[in-house]
Amino acid sequence: MAHFRIRCSKCGAILEDTYCAFCEHCKDSLLITEYEDRQLRISDNKEGIWRFNWLPVHDADFSQPAPLVYKSEALASFTGMKNLYIAFNGYWPERGALVKTCTFKEYEAAVVMQNARENGVAGLVVASAGNTARAFVHLSAVSAFPAVVVVPRMCLLEMWYLVEPVNVPTVAVSDGDYSDAIDVARRISTAMGMPFEGGVKNIAKRDALGVVLLEAVQVMGRMPDHYFQAVGSGTGAIGVWEMAERLVIDGRYGSRPPRLHLSQNLPFAPMVKAWQRSSREIDREDLDPGLINEITTRVLSNRYPAYSVMGGVYDALKSTEGMMYGITNTEVYMAMKVFESTEGIDIVPAAGVAVASLFKALKDGEINRDDMVLLNITGGGEKRVEREIGTFIAEPVFISRSITDSEIEAILCDHLKTDS
Ligand SMILES: [Zn+2]
């Protein structure tokens with residue numbers, strides 16, 4: 001029997017047989033997972049993220065390490081904070097952090113693939129600005145679940161693979177950005193009869209990213225007052241907010257969700273700009289692809305963020321009296337340096353955006369120095385992986401965004417054949 005149901009967050013309808021869908025009546029609101037068990041439970045005989053009962057999967061037969069959450073001493077003392085907790089998602093073996101792709105998207109890939117498998121799906125097409133694709137490639141190998149990943153050429157540097165057997169076709173869109181990669185991925189999905197992973201609509205994706213908060217409350221004893229994260233699509237922040245709402249119902253971890261402090265890299269910061277105008281709508285001007293060339297964090301370059309959709313980032317911010325911060329490249333580099341020299345581990349630029357937003361919040365008096373704060377370091381430890389495990393850069397099949405459907409079929413059939 002299923003331990004969860006899928007419910008429309010707008011009309012309340014319970015939906016059957018829905019894989020990555022919107023409610024057929026409402027169209028524009030996110031579906032959410034309603035778990036039978038209203039209490040968070042941690043299984044003693046399971047490991048990693050599979051310990052938590054609030055995931056839309058049954059029995060995964062592959063392992064997936066969980067986030068490392070710990071109380072900061074060095075960065076806390078640098079900032080004068082008393083209760084700073086860090087969720088570190090990456091590779092830092094002596095501390096027990098074993099996420100080798102160095103991104104929190106690994107949880108997403110693991111849960112999405114397991115959930116798809118349990119839904120009778122034979123394989124997935126994934127579009128990504130880099131880190132998600134890397135996570136799906138890794139998990140495709142670990143869990144033996146087929147995937148095709150599509151990335152924009154400008155994000156190829158993010159597409160390093162771990163040295164392990166990979167048999168996952170990677171397609172790079174040579175003349176487009178992340179949004180073009182999504183368009184191409186949708187067309188590949190139709191041509192190959194393999195579902196598209198569904199983006200923010202996929203409940204498995206959001207619940208998986210919410211695991212960060214589940215792990216955090218084990219260490220903190222309660223929900224944080226404030227939660228800091230850099231956002232590209234916003235899926236991770238929505239996932240954390242949804243988990244917080246479940247924890248409120250559980251009742252043992254506090255009576256209100258943390259205030260969300262979300263950040264983006266200037267000048268490409270469409271959600272920051274919309275929020276500053278108090279608008280649910282993102283301005284077209286703020287989605288100008290030219291701006292993407294100016295930011296250091298390509299993984300945050302999503303031009304289809306889950307901001308306006310009902311139950312999305314705008315609603316999460318509204319409901320938690322949240323804040324958004326625009327962070328310059330200079331501030332990102334500075335924050336990365338401070339983090340590495342205090343905590344002793346390297347972090348990715350997107351995590352640097354979150355660290356810089358924490359500095360800003362302290363300076364502006366948005367948080368107090370003794371508040372309980374959770375800082376999500378969404379990726380880190382790449383230098384360690386490079387040194388100790390080894391990586392290589394993906395060799396993709398390059399295609400143009402104006403490729404025809406029959407060309408897609410020819411290229412992919414060819415590629416799949418030569419690979420298998
Ligand atoms: Zn509905």
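Predicted model: local features only at pLDDT ≥ 70, side-chain atom pairs only at ≥ 80, totals over all residues.
Me: Which residues make up domain 1 and domain 2?
Reply: The domain assignment gives domain 1 as 68-99 + 206-385 and domain 2 as 122-194 + 390-419.

Me: How many residues does the contact take from domain 1 and from domain 2?
Reply: Domain 1 contributes 11 residues to the contact, and domain 2 contributes 11 residues.

Me: And by class, what is on the side of domain 1 that touches domain 2?
Reply: That side of domain 1 has 5 nonpolar, 4 polar and 2 charged residues.

Me: Let us turn to the core. How many residues are in the largest nonpolar core?
Reply: The largest nonpolar core holds 141 residues. Val126, Val149, Val150, Ala185, Met271, Val313 and Leu375 have the most contacts inside it.

Me: Which helix supplies the largest share of this core?
Reply: Helix H12 (residues 349-363) does, with 8 residues.

Me: Which domains does this core draw at least three residues from?
Reply: At least three residues come from each of domain 1 and domain 2.

Me: What is methionine 271 in contact with, leaving aside its neighbours within four places in sequence?
Reply: Methionine 271 is then in contact with Val231, Gly234, Gln264, Ile282, Pro305, Tyr307, Val313 and Met324.

Me: New topic: helix H3. What span should its 13 residues have?
Reply: Helix H3 covers residues 131-143, and at 1.5 Å a residue it should span 18 Å. Its end C-alpha atoms are 18 Å apart, which agrees with that expectation.

Me: Why is H3 described as largely enclosed by the rest of the structure?
Reply: Because 10 of its 13 residues are buried. The buried residues are Asn131, Thr132, Ala133, Arg134, Ala135, Phe136, Val137, His138, Leu139 and Ser140.

Me: Which residue just after H3 takes a positive phi?
Reply: Alanine 144 does, with a phi of about 55 degrees.

Me: Last one, isoleucine 6. Where does it lie?
Reply: Isoleucine 6 lies in strand S1, which covers residues 4-8.

Me: Does isoleucine 6 count as buried or exposed?
Reply: Isoleucine 6 counts as buried because it has 20 C-beta neighbours inside 10 Å.

Me: How far apart are isoleucine 6 and valine 126?
Reply: Isoleucine 6 and valine 126 are 120 residues apart in sequence and, C-alpha to C-alpha, 22 Å apart in space.

Methods: Residues numbered from 1 in each chain as written. Helix = DSSP H or I, 4+ residues; strand = E, 2+ residues; numbered from the N terminus. Expected span 1.5 Å × (residues − 1). Buried ≥ 20, exposed ≤ 12 C-beta atoms within 10 Å, placed from the backbone. Domains from an automatic or database assignment. Contact = placed C-beta atoms within 7 Å. Nonpolar A, V, L, I, M, F, W, Y, C, P; charged D, E, K, R; others polar. Core = buried A, V, L, I, M, F, W, Y, C linked by C-beta atoms within 7 Å.
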